[in-house]
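Hi everyone, thanks for making time for this. I'd like to walk you through one structure today, so let me bring it up on the screen.

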Amino acid sequence: MSRSLQEAKHVLEYPYRRSVGPVLGRFFGALAEGRIEGVRTQTGHVLVPPQEYDPQTGEATGEPVAVASTGVVTAWAWVDRPRPKHPLANPFAWALVQLDGADTALLHVVDAGEMARMKTGMRVRARFRDERVGEIRDIACFEPEEAR
Amino acid sequence: MTEIVKSITTPIRLEYVYRPGRATSRFLRGLAEGRILGQRCPVTGKVYVPPRGASPTHGVPTEEEVEVRDTGTVTTFCIVRIPSEGLSIPPPFVAAHILLDGADIPFFALIHECPFDQVRMGMRVKAVWVSKEELAPTFESIRYFKPLDEPDAPFESYREHL
């Protein structure tokens, strides 16, 4: 019986452009200015990233709220071998970061150097890019707050 | 005043290494010889092209190899006029499902040498191959299909394949 042909490379790529709406649009606009904004719900919670509707009540959310660029890691997963499209080329952690002033956590990456430095509850600080365009990558990563 | 961002690009890219397996490899090697090879389901007798090595309806191995002809019937088609990123063929062009003679499943291909307003369901077509020197184990060995000077196939002959 004949063998399989070896293999062929196949790339599937969708170049989506997505309209973000007024609430996320403001969030991204703030990122371009080096700030992080959430939104306050009618029950007083602060959602970061902001949403148009409160996921708990379904009510429309209210005013934008500035939050800190520091926060706490609530969950994380270490990536030992980053793939080409990952935000960092060196090993890093995907992490949920609850920013100071927010009641929800933001999914981002923590550049901790090695897994041993990662800990749930650790304090981190956002590092912004110098050139920002109004998207989530305007935050290059989060870094442990204590000196490395 | 913060400027509101209206849209963001969120590309999704999937990089596959595709291994065709034995059945599809035989099909691709057949193309390199200018032949179109399928496989027959031992339960239903249906011939699948390209073969995947198993019957999609009964899950059993399809071991009997069947050569089908490079002529067939257009079952359905689409005239593509809108360009899009990543499309390797410049529009306008005609994409069609062609039920090859001897096969029981339509085969995707382009149709040329025919004005767009004359492409129709039931139209009889024939494969135009690359030159002998250019034949290779790839779908690109068939350049496109062109109309045959034959009466249209009756609807009943392909109604099960739409």
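**Salt bridges, cores and ring pairs**

Let me start with a single side chain: R123(A) has a relative accessible area of 32%, so this residue is partly exposed. Before I go on, please keep in mind that this is a predicted model.

What does R123(A) meet in a salt bridge? The partner is the side chain of E145(A), at 3.2 Å from N to O. E145(A) is likewise at 32% relative accessibility and therefore counts as partly exposed. R123(A) sits in strand β9 of chain A and E145(A) in the segment after β10, so the bridge ties together parts of chain A that are 22 residues apart in sequence.

Over all chains, the structure holds 19 salt bridges. In chain A, some of them form a network that links R26(A), E33(A), R35(A) and E37(A).

Now over to chain B. K126(B) and D70(B) form a salt bridge whose closest N and O atoms are 3.0 Å apart. K126(B) belongs to strand β9 (residues 124-129) and D70(B) to the loop between β5 and β6, so this pair joins parts of chain B that are 56 residues apart in sequence. Is D70(B) buried or exposed? At 18% relative accessibility it counts as buried, because the cut-off for that is under 20%. K126(B), with 30%, is partly exposed.

Another bridge in chain B runs between E64(B) and R40(B), with 3.2 Å between the closest N and O atoms. Here the link is from strand β5 (residues 64-68) to strand β3 (residues 36-40), with the two residues 24 apart.

Next, the nonpolar side of things. As background, nonpolar side chains in soluble globular proteins tend to be buried together. The largest nonpolar core here has 29 residues, and the members that touch the most others are I36(A), L99(A), V110(A) and F142(A). Several elements of chain A each supply at least two residues to this core, including α1 (21-32), β7 (92-99) and β10 (139-144). Which residues does L99(A) touch, beyond those up to four places away in sequence? Among them are I36(A), V48(A), V67(A), L106(A) and F142(A). A separate core of 25 residues includes I36(B), V68(B), A103(B) and W129(B).

On to the aromatics: a search of the whole structure finds eight aromatic pairs over all chains. One of these is F92(A) with W94(A), where the ring centres are 5.3 Å apart and the planes lie at 80°, so the pair is edge-to-face. F92(A) is buried at 0% relative accessible area, whereas W94(A) is partly exposed at 30%.

F107(B) and F145(B) are edge-to-face too, with centres 6.5 Å apart and planes at 70°. This pair connects strand β8 (residues 107-111) with strand β10 (residues 142-147) of chain B, across 38 residues. Both residues count as buried, F107(B) at 4% and F145(B) at 0%. Together with F27(B) and F139(B), these two are linked by ring pairs into a cluster.

Finally, the surface. Y14(A), Y16(A), I12(B), L14(B) and Y16(B) form a nonpolar patch there, with about 460 Å² of accessible area together. Which strand gives the most to the patch? That is strand β2 (residues 12-18) of chain B, with three residues.

Technical notes:
Residues are numbered from 1 along each chain as its sequence is written. Chains are lettered from A and ligands numbered from 1 in the order in which they are written. Side-chain values use heavy atoms; hydrogens and water are left out. Patches are made of residues with over 30% relative accessible area and no salt bridge: like charges are joined within 9 Å, nonpolar side chains (Val, Leu, Ile, Met, Phe, Trp, Tyr) within 5 Å. Accessible areas come from the Shrake-Rupley method with a 1.4 Å probe; for residues, only the protein chains shown count as cover. A salt bridge is a side-chain nitrogen of Lys or Arg within 4 Å of a carboxyl oxygen of Asp or Glu. Helices (H or I, at least four residues) and strands (E, at least two) are DSSP runs, numbered from the N terminus. A nonpolar core is a set of buried Ala, Val, Leu, Ile, Met, Phe, Trp, Tyr and Cys residues joined through side-chain atoms within 4.5 Å. Buried means under 20% relative accessible area, exposed over 50%, partly exposed in between (1.4 Å probe, protein chains only). Contact means heavy atoms within 4.5 Å. Rings of Phe, Tyr and Trp (its six-membered ring) pair if their centres lie within 6.5 Å; planes under 30 degrees apart count as stacked, over 60 as edge-to-face and the rest as tilted.
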